[in-house]
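Open the structure in your viewer and keep the selection tool at hand. The tour goes from one selection to the next and says what is there.

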Amino acid sequence: MKTDSLSEILIAYNLRAVLYFNSIDSTNKYARENNLPSGSLIIAAEQTKGRGRFDRNWESEKGSNILLTIVKSIRTENPALINFYASYIVYKTLTDLFTAGDNGFALKWPNDILLDGRKICGILTELKNIKTDRKKFYIGIGINVNQLKFSESIRNKSTSLVKHFNRKSDISDLIARIIKNFCENIKLAFDYSSLTEIWRKAAKLEGKRVEFRLNDTTEAHSGVITGIKDDGAIEIESDTLVGVRKKSVYYSGEISFI
Ligand code: BTN
């Protein structure tokens, strides 16, 4: 089923502007540096300095994938939940469109989407006015859509829709669907307990064995996920020496399934 075009969606949801770039350093950086107003959408065919979490590089072949930033002012005390909102919206859009079977799409805390255990979507949310109630979010979303080949360093960790489903997707149609879902469900972004409940049910992370690290320079330790809290934190029961178990709660970091 074809969705409305992006321009119809922009009008329907009162979005300010959509900016398209053939090549740009980073859609997030552009939106931040130019202080673009809430309701702006920046889309690029290529990023020369695409950024990921932990200051990593975000690789994407020109014209093959989704690279966008949504600028949105939101009144919230818990900015981390915007990541959960954005990842749930992308997850829902993809799972509604594609049937992936048992080894299909999965949400990975805090805001990655995996397909067949490999990364297909990354989200980098940055914000302004951190101390005030109404915060301006720059929600950067990268989705691997039509890219077939990945560089050596991420080949085993990344995948794309075309690699998995063997067919190319219409990038602007996918963007339109994501923006439509994002705007239609925005109330969920303010409703913490419903949002985390929905995210938790979709992610099914409880009981999974993982390795956890706070960032790229800290040591990893293994344990079992015992829950995702209403404020988005992850609770991990770590393996310790002589069978003593210890539960820890983390607000940021990275897990990998083992
Ligand atoms: C991650 O998984 O580490 C997050 C990756 C986020 C990548 C997107 S692509 C569009 C936007 N612009 C950027 O420079 N980064 C985000």
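Start with the lining of the largest pocket in this predicted model: its residues divide into 11 nonpolar, 16 polar and 10 charged. Colour them by these classes. The lining has 37 residues in total, and R56, W58, D112, K119 and S158 are the ones nearest the pocket's centre. Select α2, β3, β5 (112-115), β6, β7 and β12 (254-257) next; each of these elements gives two or more residues to the lining. The largest share, five residues, comes from β6. The space in this pocket is about 800 Å³.

Now show the ligand. What takes up the space of the largest pocket? The ligand does.

Select α2 (27-33), β3 (66-75), β6 (118-128) and β7 (134-143), the elements that give two or more residues to the shell around the ligand. Here too, β6 provides the largest share, with four residues. The shell residues divide into six nonpolar, nine polar and four charged.

Which of the 19 residues around the ligand come nearest? They are S26, Q47, R51, R53 and K119.

- S26: a polar side-chain atom lies 2.8 Å from an oxygen atom of the ligand.
- T27: a polar side-chain atom lies 3.1 Å from a nitrogen atom of the ligand.
- R53: a backbone N or O atom lies 2.6 Å from an oxygen atom of the ligand.

Last, show the surface of the ligand. Taken alone, the ligand exposes 410 Å², and the protein buries 98% of that.

Conventions
Residues numbered from 1 in each chain as written. Predicted model: local features only at pLDDT ≥ 70, side-chain atom pairs only at ≥ 80, totals over all residues. Heavy atoms only, no water. Near = heavy atom within 4 Å. Polar contact = N/O pair within 3.5 Å; in protein donor to acceptor, adjacent residues only side chain to side chain. Areas by Shrake-Rupley, 256 points an atom, 1.4 Å probe, with all protein chains shown as cover. 1 Å grid on protein atoms, 1.4 Å probe; cavity = no way out; pocket = protein on both sides within 12 Å on 5 of 7 lines; lining within 4 Å. Sits in = over half its atoms within 2 Å of the grid points. Nonpolar A, V, L, I, M, F, W, Y, C, P; charged D, E, K, R; others polar. Points joined across faces, edges and corners; volume = space filled by probe spheres on them.
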